[in-house]
Amino acid sequence: MKKLMTNPEKCVGCGVCEEVCSKTWYKDENREKSCIRISPKDGGYNIAVCDQCGDCRAMCSMMSLMTDKSGVVRLDKKTCVGCLICVVECLRGFMFYNDGLPTPFKCIACGLCASRCPTGALEIVEGV
C-alpha cells in the first residue's frame, strides 16, 4: 500500500505542497484546488490529506470510488455524477470540492508534494 505520511511537527505552513498539487492536477496555483490542505492548529499546523482508508467507497451510489492495486482510493470521473455525498460524508474531511471543477477530488499519494516540501513534513511510504 502507498500512503502519504505527514509529520505536522515539521510543517512551517509555507503552502508549497498545496501549490504543487493544484498546479500539477489543475494547472492553477490555487490552494482551494489542492488535494492537501494546511491550516493553523495549536501554534503549529494541521496537514489534511487522505489516508486511503476507503470508507468513502461505500457512500458512493455510483460506485465511482475504488481502491487500486497500490491501495490508493481513486475517483472515476467518468462515472461520478458530482452529488458530493463523498465530500459531506468523509469523516476525516479529506474529500474536497471546488466550484470551478465538475467532480470532487482527493489525494492519490502521487508524492509530488513530498518531493517539494522544504522541511520533510510529507513523505511517501510504501507497504504501510
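Which residues does Leu122 touch, not counting residues up to four places away in sequence? They are Leu4, Met5, Thr6, Cys17, Ile36, Ile47, Cys113, Ala114 and Cys117, where contact means heavy atoms within 4.5 Å. Bear in mind that this is a predicted model: local features need pLDDT of at least 70, side-chain atom pairs count only at pLDDT 80 or more, and totals for chains, interfaces and linings use all residues. Residues are numbered from 1 along each chain as its sequence is written, and side-chain values use heavy atoms, with hydrogens and water left out.

- (A nonpolar core is a set of buried Ala, Val, Leu, Ile, Met, Phe, Trp, Tyr and Cys residues joined through side-chain atoms within 4.5 Å; buried means under 20% relative accessible area, exposed over 50%, partly exposed in between, with a 1.4 Å probe and protein chains only.)
- (Helices, H or I with at least four residues, and strands, E with at least two, are DSSP runs numbered from the N terminus.)
- In H1, the buried residues are Cys17, Glu18, Val20, Cys21 and Ser22, and their cover includes S2, H3 and strand S6 (122-126).

**Pocket and cavities**

- The largest pocket holds about 300 Å³ of space. Trp25, Tyr26, Cys35, Lys106 and Ile108 are the closest to its centre among the 20 residues that line it.
- Helix H1 (16-26), strand S5 (73-75) and helix H3 (112-116) are the elements that give two or more residues to that lining, and H1 gives the most, with five.
- By type, the pocket lining splits into 15 nonpolar, two polar and three charged residues. (Ala, Val, Leu, Ile, Met, Phe, Trp, Tyr, Cys and Pro count as nonpolar, Asp, Glu, Lys and Arg as charged, and the others, Gly among them, as polar.)
- There are also three cavities of 30 Å³ or more in the whole structure, and the largest cavity has about 100 Å³ of space. Cys50, Cys53, Asp55, Cys56 and Cys90 are the closest to its centre, out of 14 lining residues.
- How these are found: on a 1 Å grid over the protein atoms alone, a cavity is a set of points where a 1.4 Å probe fits but cannot get out, while a pocket is an open set with protein on both sides within 12 Å along at least five of seven lines; lining residues have an atom within 4 Å of a point. Grid points are joined across faces, edges and corners, and a volume is the space filled by probe spheres set on the points.

**Cysteines**

- The whole structure has zero disulfides, a disulfide being a pair of cysteine sulfur atoms within 2.5 Å.

- Most residues other than glycine have a negative phi.
- Asp42, not a glycine, has a positive phi of about 50°. Asp42 sits in the loop between strand S2 (36-41) and strand S3 (44-49), and is exposed at 77% relative accessible area.
- Ala109 has a positive phi of about 55° and lies in the loop between helix H2 (85-89) and H3; Ala109 is buried at 1%.
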